[in-house]
Amino acid sequence: MEKTSKSLRAALSRQARQPGNVLAPECPSRAVLSHVTSRWGVLVLVVLLGGMHRFSQLRKEVGGVSEKMLAQTLVALEGDGFVLRTALPEIPPHVEYSLTPLGREVAERLEVLVDWIEDNLPRILAPQEEAEASL
C-alpha cells in the first residue's frame, strides 16, 4: 500500500512540473482557469492589485458580491497560490488579503483585459443595441 502511495505522489509531482493543457478534460489547469476567470475571481484579483484589503473592503470594492461568494472566491484563489491571507493576532480578529507574486502576474494580465473591455464598451454594446432596435 505504501508503494502505491509513493508512486501516486511521484506521478502527481511530475505532473505538477509539466505545463498545463486547458483543452485536456482532466488537466488541473481547468480548475485554475475557472477560479481566475470567474466574475468574482477577476474582480478580486484586479482590486488586490491596488494593495492589501480586508474582507469588508473587498466586499465594498467588488460591488454586488455576496459574503459567501467572496469567501469562496478568496479560498479558491488562496488555494491556487494567487492570494495571501494574513490573520493578525488582534481582537477583534483582523484578516488581510493581498496578492502573492504569482497572483500579481495573473492579475496584471487580467487588468489588461478589464481595461480593454471598459475602453471598448460602446463598441461591444452597439450590436446588442442594434439587435434590440430591430425588434
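G81 lies in the loop between α5 (67–79) and β2; helices (H or I, at least four residues) and strands (E, at least two) are DSSP runs, numbered from the N terminus. This is a predicted model, in which local features need pLDDT of at least 70, side-chain atom pairs count only at pLDDT 80 or more, and totals for chains, interfaces and linings use all residues. Residues are numbered from 1 along each chain as its sequence is written, and side-chain values use heavy atoms, with hydrogens and water left out.

**The chain overall**

- The protein chain has seven helices and three strands.
- From the N terminus, its elements follow the order α-α-α-β-α-α-β-β-α-α.
- Of its 135 residues, 26% are buried. Buried means under 20% relative accessible area, exposed means over 50%, and partly exposed lies in between (1.4 Å probe, protein chains only).
- The accessible surface of the chain is about 9700 Å², and 59% of that belongs to carbon and sulfur atoms. Accessible areas come from the Shrake-Rupley method with a 1.4 Å probe; for residues, only the protein chains shown count as cover.
- Among contacts with a separation of 6 or more, 46% are between residues 24 or more positions apart. A contact means heavy atoms within 4.5 Å.

- G81 is partly exposed, because its relative accessible area is 28%.
- Beyond its neighbours within four places in sequence, G81 is in contact with T100, L102 and G103.
- G81 and L99 are 18 residues apart along the chain, and their C-alpha atoms are separated by 8.8 Å.

**The sheet**

- Three strands form an open antiparallel sheet in the order β1-β3-β2. β1 (53–54) and β2 (83–88) are at the edges with a single partner strand each, so one side of each has no neighbour in the sheet.
- Strands of a sheet pair through backbone hydrogen bonds, either parallel or antiparallel. Here, two strands count as paired if DSSP finds at least two bridges between them.
- β1 pairs with β3 (residues 94–99) in the antiparallel sense over two bridges. H53 has Y97 of β3 as its bridge partner, and R54 has E96.
- β2 and β3 pair in the antiparallel sense over six bridges. These two strands form a hairpin with five residues between them. V83 stands opposite L99 in β3.

**Around β3**

- Six of the six residues of β3 are buried, so this strand is largely enclosed by the rest of the structure.
- H94, E96 and S98 point one way from β3, while V95, Y97 and L99 point the other way.
- Helix α3 (residues 39–48) lies across β1, β2 and β3, and runs at about 90° to β3. Axes are lines fitted to C-alpha atoms, for helices over the stretch in contact, and angles run from 0 to 180 degrees between N-to-C directions.

**The nonpolar patch**

- L113, W116, I117, L121 and I124 make a nonpolar surface patch of about 430 Å². The elements giving two or more residues to this patch are α6 (101–119) and α7 (121–133). α6 gives the most, with three residues.
- Patches are made of residues with over 30% relative accessible area and no salt bridge; like charges are joined within 9 Å, and nonpolar side chains (Val, Leu, Ile, Met, Phe, Trp, Tyr) within 5 Å. A salt bridge is a side-chain nitrogen of Lys or Arg within 4 Å of a carboxyl oxygen of Asp or Glu.
- I124 is in helix α7. I124 counts as partly exposed, because its relative accessibility is 31%.
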